[in-house]
Amino acid sequence: LAGLVRAPLVLDELTTPAVLVMEWIDGTRLTDLDAMQALGLSPDKLLERGVRCSLHQLLETGFMHSDPHPGNLVVGRDGSLVYLDFGMVVEVPAAARRAMIRGLVGFVNRDAPSLVRDLQTLDFLPPNIDTQAATAALRDVFDGVGKS
């Protein structure tokens with residue numbers, strides 16, 4: 001993602017404790033499909049880049065821009081995806097990131113007991129849940145019980 005995604009630079013010499021000043025970014029809005037096509041940019045490739053960037057933030061760095069809508073993203077003149085407005089960010093602890101990855105692996109592998117543990121770690125399931133019943137319910141889902 002290096003060189004493909006970025007944020008405006010902070011202008012330290014103009015920034016104070018009360019005011020954050022960042023560089024101006026000339027860019028194309030993600031909603032302006034004609035302008036993107038004129039620049040030779042593919043909306044599908046930009047979407048893929050945005051998803052990869054969000055997953056990188058969430059699962060690898062643990063520091064994530066949590067308001068990535070088209071008003072907070074532009075395409076820079078160099079074709080980079082530029083994130084704007086860092087008023088909403090979240091830090092994801094390493095233990096939660098590991099549980100998300102393990103949970104995804106558990107889901108893909110249909111490992112119900114592991115997935116239940118990871119869902120508890122992430123507070124999606126309460127700590128006092130009947131883990132045997134939750135595991136049995138997930139196994140039923142994985143096995144397609146109730147399929148029409």
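The model is predicted. The protein chain contains 5 helices and 6 strands, and 30% of its 148 residues are buried. Its radius of gyration is 21 Å, whereas a compact globule of 148 residues would have one near 15 Å.

**Overall form**

- Read along the sequence, the elements of the protein chain follow the order β-β-α-α-β-β-β-β-α-α-α.
- The C-alpha trace of the protein chain spans about 55 × 40 × 25 Å along its principal axes.
- Among the contacts in the protein chain with a separation of 6 or more, 54% are between residues 24 or more positions apart.
- The protein chain has an accessible surface of about 9,900 Å², and carbon and sulfur atoms account for 59% of that surface.

**Nonpolar cores**

- In soluble globular proteins, nonpolar side chains tend to be buried together.
- The largest nonpolar core in this model consists of 7 residues, namely Ala112, Leu115, Val116, Leu125, Ala134, Leu138 and Phe142.
- Helix H4 (112-121) and helix H5 (131-143) are the elements that each give two or more residues to this core.
- Another core, of 5 residues, lies apart from the largest one and includes Val5, Leu73, Leu81 and Tyr83.
- Phe142, a member of the largest core, touches Gly106, Phe107, Arg110, Asp111, Ala112 and Leu115, when residues up to four places away in sequence are not counted.

- Val51 is placed in helix H2 (residues 43-61).
- With a relative accessible area of 44%, Val51 is partly exposed; residues qualify for a patch with over 30% relative accessible area and no salt bridge.

**Salt bridges**

- The count of salt bridges comes to 3.
- Glu23 forms a salt bridge with Arg6, and their closest N and O atoms are 3.1 Å apart. Glu23 lies in the loop between strand E1 (5-6) and strand E2 (27-29), while Arg6 lies in strand E1, so this pair ties together parts that are 17 residues apart in sequence.
- Both partners of that pair are partly exposed: Glu23 has a relative accessible area of 24%, and Arg6 has one of 32%.
- Asp26 and Arg77 meet through their side chains in a salt bridge, at 3.0 Å from N to O. Asp26 belongs to the loop between E1 and E2, and Arg77 to the loop between strand E4 (73-76) and strand E5 (81-83); the pair therefore ties together parts that are 51 residues apart in sequence.
- Asp26 is partly exposed, with a relative accessible area of 37%, whereas Arg77 counts as exposed at 73% relative accessibility.
- Arg102 forms a salt bridge with Asp118, with the closest N and O atoms 2.9 Å apart. Because Arg102 lies in helix H3 (residues 94-108) and Asp118 in helix H4, the pair ties together parts that are 16 residues apart in sequence.
- Arg102 counts as partly exposed at 40% relative accessibility, but Asp118 is buried, with a relative accessible area of 3%.

Note on methods. Residues are numbered from 1 along each chain as its sequence is written. This is a predicted model: local features need pLDDT of at least 70, side-chain atom pairs count only at pLDDT 80 or more; totals for chains, interfaces and linings use all residues. Side-chain values use heavy atoms; hydrogens and water are left out. Helices (H or I, at least four residues) and strands (E, at least two) are DSSP runs, numbered from the N terminus. Buried means under 20% relative accessible area, exposed over 50%, partly exposed in between (1.4 Å probe, protein chains only). A nonpolar core is a set of buried Ala, Val, Leu, Ile, Met, Phe, Trp, Tyr and Cys residues joined through side-chain atoms within 4.5 Å. Contact means heavy atoms within 4.5 Å. The radius of gyration is taken over C-alpha atoms; the globule rule is 2.2 Å times the number of residues to the power 0.38. Accessible areas come from the Shrake-Rupley method with a 1.4 Å probe; for residues, only the protein chains shown count as cover. A salt bridge is a side-chain nitrogen of Lys or Arg within 4 Å of a carboxyl oxygen of Asp or Glu.
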